Amino acid sequence: MFGKRSDTGTAVAAPPRAEPAAARPAAPPPPPISSDTVAPPPPPRPAPQAAPAPSKPAARAISDQRSEDYYQIKTTIFGALIDTIDLAQLAQLDPDSAREEIRDIVNEIISIKAVVMSIAEQEHLLQDICNDVLGYGPLEPLLARDDIADIMVNGANRVFIEVAGKVQLTPIRFRDNAQLMNICQRIVSQVGRRVDESSPICDARLLDGSRVNVIAPPLALDGPTLTIRKFRRDKLTLEDLTRFGSISPAGARVLGVIGRSRCNVLISGGTGSGKTTLLNCMTAYIDVDERIITCEDAAELQLQQPHVVRLETRPPNLEGQGQITMRDLVRNCLRMRPERIIVGEVRGPEAFDLLQAMNTGHDGSMGTLHANSPREAMSRLESMITMGGFALPTKTIREMVVASIDVIIQAERIRDGSRRITKITEVVGTEGDVVITQDLMTYEIEGEDETGRIKGKHVGTGIVRPSFWERARYYNLDRELAEALDALQQ
Ligand SMILES: Nc1ncnc2c1ncn2[C@@H]1O[C@H](COP(=O)(O)OP(=O)(O)OP(=O)(O)O)[C@@H](O)[C@H]1O
Ligand SMILES: [Mg+2]
């Protein structure tokens with residue numbers, strides 16, 4: 001044990017309470033931090049309650065039930081711990097040993113200070129303190145939950161989560177904005193980035209793959225704002241989406257044919273509508289022997305194939321240099337002998353390169369894009385190319401779009417919070433200057449049930465020979481396509 005404990009139980013001279021270093025290579029998960037991670041103000045609750053298990057999910061059960069006394073005790077013990085422990089040495093330990101070390105010291109402090117606590121409370125306290133010192137503090141119980149899709153922290157006192165499609169306020173609090181900022185800094189330093197007043201916007205990834213965005217003051221007026229898209233360990237499949245009612249079985253069959261016959265696909269939808277999830281599902285139809293290259297801003301896709309190269313963009317450094325854009329990645333891809341190119345999100349001039357790639361032998365490429373309808377997706381693509389500085393006539397751009405994109409799949413988060421695939425639309429061609437698209441399937445809302453859940457159904461539009469028919473036939477999937485389209489009509 002290396003703690004600098006005093007024999008009397010009162011804390012010895014405190015080590016300097018430095019803010020955490022930007023990156024501490026020796027301490028795998030986040031480096032230990034100083035006393036500013038002390039307990040958040042208490043949520044209202046009569047008395048601490050026992051909940052035995054020390055596991056992370058147990059912390060969730062009690063996180064909103066702690067009393068003022070508990071937080072006072074925690075603050076005292078935390079202060080004594082910080083005064084006692086040697087943070088630099090702690091940083092050298094692996095997380096399990098560091099946890100053990102903290103537990104030993106905290107247990108000792110509890111007995112020296114003669115704090116009266118039940119075993120269960122003591123266990124919670126130990127866990128809480130370990131989270132504050134080694135982990136992401138008040139965020140830890142939320143990160144441990146698998147049912148949360150997003151965590152949204154709007155300054156120290158407002159933490160929202162999205163569960164089952166609904167956004168709700170939690171009782172989780174940070175002690176103050178400094179503690180929150182400290183945690184944001186620790187998160188982004190894990191991927192070698194930093195966030196502070198001079199570079200207040202930062203994208204990062206947690207070690208588990210969750211996507212993180214931080215925007216700090218002075219840009220965020222009410223304190224550091226942290227948004228985490230939680231990584232799903234059990235990645236959703238098209239079967240899951242069918243089970244949830246996001247798509248009908250017949251619709252899923254059509255999507256299967258689209259994937260297997262190497263159509264070029266754009267997935268369109270609003271924020272958080274399920275685009276990346278759907279893209280991931282569609283990649284399941286890629287053969288195992290194909291060379292796939294993915295380009296993303298923060299790697300989220302979880303492809304199962306063995307031959308995948310994952311690329312990630314890079315923001316500029318503090319001097320404004322070293323940026324690698326999505327366009328750089330997509331262009332570089334073309335020199336990497338890809339068979340399929342997957343672009344996490346198309347949002348700028350890379351649209352041009354992706355379309356070119358789709359058009360030149362990399363069929364079966366896919367990407368997502370923010371748009372509220374397939375038609376809007378078409379015009380967004382066009383404006384991305386125009387704004388990218390390509391001096392091409394509108395007609396040429398439209399022809400290029402039509403020649404490249406086969407199908408647009410529209411994802412939507414509808415008003416009851418559930419996600420639905422609301423359209424499968426094919427791009428047919430141009431008539432004069434106009435791009436012609438045709439829906440194969442749409443989602444029709446029929447009403448609400450007594451719980452407020454939207455009732456609706458996926459219906460076929462009666463198209464029996466979509467324009468990718470020949471392509472499906474080439475892959476021997478025409479029969480399957482005909483049957484799936486037929487089933488859509490039932
Ligand atoms: N069909 C679905 N049913 C239930 N949950 C879903 C479905 N599709 C996606 N989700 C969940 O919704 C959340 C958002 O999904 P996803 O990341 O795919 O959205 P997105 O449109 O890519 O968001 P963004 O615009 O932020 O990139 C995730 O937690 C995901 O697991
Ligand atoms: Mg996404």
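The legends below describe close-up views of a predicted model.

Local features are given at pLDDT of at least 70 and side-chain atom pairs at pLDDT 80 or more, whereas totals for chains, interfaces and linings use all residues. Residues are numbered from 1 along each chain as its sequence is written, and chains are lettered from A and ligands numbered from 1 in the order in which they are written.

**View 1. Overall content of the protein.** The protein has 16 helices and 15 strands; helices (H or I, at least four residues) and strands (E, at least two) are DSSP runs, numbered from the N terminus. Of its 490 residues, 42% are buried. A residue is buried if 20 or more other C-beta atoms lie within 10 Å of its own, exposed if 12 or fewer, and partly exposed in between, with C-beta atoms placed from the backbone. Among contacts between residues at least 6 apart in sequence, 59% join residues at least 24 apart; two residues are in contact if their C-beta atoms, placed from the backbone, lie within 7 Å.

**View 2. The shell around ligand 1.** There are 16 residues around ligand 1, and Ala149, Gly274, Lys275, Thr276 and Thr277 come nearest. A residue is near a molecule if its C-beta atom, placed from the backbone, lies within 6 Å of it. Helix H8 (238–244) and helix H10 (275–283) are the elements that give two or more residues to this shell, and H10 has the largest share, three residues. The shell holds four nonpolar, eight polar and four charged residues. In this division Ala, Val, Leu, Ile, Met, Phe, Trp, Tyr, Cys and Pro count as nonpolar, Asp, Glu, Lys and Arg as charged, and the others, Gly among them, as polar.

**View 3. The buried side of helix H11.** Met326, Leu329, Val330 and Cys333 are buried in H11 (residues 326–333). They lie on the same side of H11 because they cover an arc of only 95 degrees around the axis, the arc being that of the directions from the helix axis to the C-beta atoms. An α-helix has 3.6 residues a turn, so residues three or four places apart point the same way. The packing partners of these buried residues are strand E8 (292–296), strand E9 (308–312), strand E10 (340–343) and helix H12 (350–359).

**View 4. The largest nonpolar core.** This core has 63 residues, of which Val254, Val265, Leu354 and Ile409 touch the most other members. A nonpolar core is a set of buried Ala, Val, Leu, Ile, Met, Phe, Trp, Tyr and Cys residues joined through C-beta atoms within 7 Å. H12 supplies the largest share, six residues. Residues up to four places away in sequence aside, Val254 touches Ile424, Leu440, Met441, Ala484, Leu485 and Leu488.

**View 5. Leu255 in helix H9.** Leu255 lies in H9 (residues 249–260) and counts as buried because it has 26 C-beta neighbours inside 10 Å. Beyond four places in sequence, Leu255 is in contact with Leu238, Ile247, Met282 and Ile424. Leu255 and Leu481 are 226 residues apart in sequence, yet 9.4 Å apart in space, C-alpha to C-alpha.

View 6. The peptide bond joining Pro217 and Pro218 is cis, with omega about 5 degrees. Pro218 is in the loop between strand E5 (211–215) and strand E6 (225–229). Arg337, in the loop between H11 and E10, has a positive phi near 50 degrees. Arg337 counts as exposed because it has 9 C-beta neighbours inside 10 Å.
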